[in-house]
Amino acid sequence: MIDFAATSITGKPGHQAKRLPGIDSLRAYAGCSIILFHLLQALGIKVSDDFAIIRNYLGFGVPRFFIISAFSMAHGYLQNPISERTVRLFYLRRWARIAPLLYLLLIYQLTVLWVQYKSFPGWAAVFA
């Protein structure tokens, strides 16, 4: 079994790519701005004009997060040769990180639809 946490993109166990100082804090800032933006929207909190910067710039959290993530991934891959094995390992690791939460949220959403509305969207809609 592959230990995804200890395996770098080169596929060598224990080999870690060089980390950039501060990149995780930038990613955390972007993630927190996304959460705060959605909380303000969901709770219907109106931001006064004194804090217009919050209202105007928190919505850029998603593109900011994508740009920072793309940069850090490109930086990590720049140092290593790309082969069929590294590409396969990359997609396997991405699937292992994303799929469990995706399936959990899908089950939750389908349950909510069934409990609240007694309806099921159909398998074609679920797969789409």
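Contact here means heavy atoms within 4.5 Å. On that basis, in this predicted model, residues 24 or more positions apart account for 56% of the contacts in the chain that have a separation of 6 or more. The chain contains five helices and zero strands, so that, with helices and strands taken as DSSP runs, the order of elements from the N terminus on reads α-α-α-α-α. Of the 128 residues in the chain, 20% are buried, and the accessible surface comes to about 10,200 Å², with carbon and sulfur atoms contributing 70% of that area.

Helix α1, which spans residues 23–43, and helix α3, which spans residues 61–78, have axes that come within 8 Å and cross at roughly 155 degrees. Because angles over 145 degrees count as roughly antiparallel, this crossing makes α1 roughly antiparallel to α3.

The residues through which the two helices meet can be listed for each side. On the α1 side, the contact is formed by I23, L26, R27, Y29, A30, G31, S33 and I34, and these meet G61, V62, R64, F65, I68, S69, F71 and S72 on the α3 side. Sorted by class, the contact of α1 with α3 comprises nine nonpolar, five polar and two charged residues. Among the residues concerned, R27 belongs to α1 and R64 to α3, and arginine is counted as charged.

Terms used
Residues are numbered from 1 along each chain as its sequence is written. This is a predicted model: local features need pLDDT of at least 70, side-chain atom pairs count only at pLDDT 80 or more; totals for chains, interfaces and linings use all residues. Side-chain values use heavy atoms; hydrogens and water are left out. Axes are lines fitted to C-alpha atoms, for helices over the stretch in contact, and angles run from 0 to 180 degrees between N-to-C directions. Helices (H or I, at least four residues) and strands (E, at least two) are DSSP runs, numbered from the N terminus. Angles under 35 degrees count as roughly parallel, over 145 as roughly antiparallel, 65 to 115 as roughly perpendicular and the rest as oblique. Buried means under 20% relative accessible area, exposed over 50%, partly exposed in between (1.4 Å probe, protein chains only). Accessible areas come from the Shrake-Rupley method with a 1.4 Å probe; for residues, only the protein chains shown count as cover.
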